[in-house]
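Please have the sequence and the 3D view open.

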Amino acid sequence: MQAKIMLLPAGSKGKTLCSYAEELFLEVSAAFGHSLNTCREKIGPDSMRLFNAPLTQETLDACKRCQAVFLADSDTEGAKALYQGLNIPLRIRHFSVPESLADRNTPPQTFLLAQVVSLEQDSLFQAVRQAMQLANELEIPFHHTAPTGNNRYPWEADIKETAKKYPSLSVNALSAPEAIRKIIEEPASVGMLLCPPYAGSIFESAASSLFPFPGLQYDTGYQENIGVFAPRLSMDDADLPHPFGTAFAVAQLLRHALHLQKEAACLEAAIHNVLSAGWRTSGMPAAGQVTDGGHIIQLICDQLAIAGEFMHKGGR
């Protein structure tokens, strides 16, 4: 497969994460016989300094000529402009505690916070359809918190209509206080929470207290022609760039933007193997072998190379 991927880094941490992603794309290309080429443009503060805009039209046009975008920027204005410019209806924030990092106090679990980008009717319908389809595919419960005012009625109508396609999907409405309580007290039972644009930061704060591994978290957003995939990037200058969230975001890019299901599964298996072997970066909990992010990426790439050899020998 041939594909072009846009890398959008901001600041030194963003540049480091994009370099990690670039290494993974190169290894996937070599291991599985693809040609995944990357290019770079500026976004967020870097773009503001040069062009007085968090995202220029030239950068947006360049993104549209690619099959996917890897975003590494902690500035929300650049990300917001990118999602809107690419007509991506939904930003999905992935929170997880994998088995390899779980203990008695922090059980393995996953929570998806699906934030609608726009309440405009066409965009809203696409967001509802995409969120419910994903929840159904993952076989997780679906909860939603409706917006206030006149937007509440089309929201509820879209969900009611879309739910007819997924009779086995558990669909439940929650008020904002009910959603916060459920995230804190029963996160495993939430599955996915769909919320309006302005509520994402509120629910994210509640989820962050239960998922203490920010280096594993990432965001995804996609539509038919392109997707945006972003490791969570802290605005705290003292925090190191985390390689695991980058690798998970790349795996989702392979799966949803490039439709490389086997390659995505191999990458996810490689990440879990590295975590299970005890490898950690500085600041990560649980006893293990502490090393830098570049070494973690190399360990994951080594696993990919082995998986590629097995697939070729098996006559993929």
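## Basis

This is a predicted model, in which local features need pLDDT of at least 70 and side-chain atom pairs count only at pLDDT 80 or more, while totals for chains, interfaces and linings use all residues. Residues are numbered from 1 along each chain as its sequence is written, and side-chain values use heavy atoms, with hydrogens and water left out.

Helices (H or I, at least four residues) and strands (E, at least two) are DSSP runs, numbered from the N terminus.

## Helices α7 and α8

Helix α7 spans residues 176–185 and helix α8 residues 200–208. Their axes come within 9 Å and cross at roughly 20°. That makes α7 roughly parallel to α8 (under 35 degrees; over 145 is roughly antiparallel, 65 to 115 roughly perpendicular, the rest oblique). Axes are lines fitted to C-alpha atoms, for helices over the stretch in contact, with angles from 0 to 180 degrees between N-to-C directions.

From α7, Ala 176, Ala 179, Ile 180, Ile 183 and Ile 184 meet α8. Their partners in α8 are Ile 202, Phe 203, Ala 206 and Ala 207 (contact means heavy atoms within 4.5 Å). By class, this contact of α7 with α8 has nine nonpolar, no polar and no charged residues. Ala, Val, Leu, Ile, Met, Phe, Trp, Tyr, Cys and Pro count as nonpolar, Asp, Glu, Lys and Arg as charged, and the others, Gly among them, as polar.

## Helices α9 and α10

The axes of α9 (residues 243–257) and α10 (residues 261–276) come within 7 Å and cross at roughly 165°. That makes α9 roughly antiparallel to α10. The crossing of α9 and α10 is left-handed.

Residues of α9 in the contact include Phe 244, Phe 248, Gln 252 and Arg 255. Those of α10 include Glu 263, Leu 267, Ile 271 and His 272. The contact of α9 with α10 divides into twelve nonpolar, three polar and three charged residues.

## Two buried threonines

Thr 220 is in strand β9 (residues 218–222). At 2% relative accessibility, Thr 220 counts as buried (under 20% relative accessible area; exposed is over 50%, partly exposed in between; 1.4 Å probe, protein chains only). Leaving out residues up to four places away in sequence, Thr 220 touches residues including Tyr 83, Leu 90, Phe 229 and Gln 252. His 94 is also one of those contacts. A polar contact of 3.0 Å joins the side chains of Thr 220 and His 94 (a pair of N or O atoms within 3.5 Å; within protein, one must be able to donate a hydrogen and the other to accept it, and residues adjacent in sequence count only if both atoms are side-chain atoms).

Thr 162 sits in helix α6 (residues 152–163). Thr 162 is buried, at 2% relative accessibility. Its side chain reaches the backbone oxygen of Asp 158 at 2.8 Å. Neighbours within four places in sequence aside, Thr 162 is in contact with Phe 125, Val 128, Arg 129 and Met 132.

## Positive phi in two loops

Most residues other than glycine have a negative phi. Asn 52 has a positive phi, near 60°. Asn 52 lies in the loop between α2 (44–51) and α3 (57–64). Asn 52 is exposed, with a relative accessible area of 63%.

Glu 139 has a positive phi of about 60°. Its loop runs between α5 (121–138) and β6 (142–144). Glu 139 is exposed, at a relative accessible area of 73%.

Key: Left-handed = near helix turned anticlockwise from the far one by under 90°.
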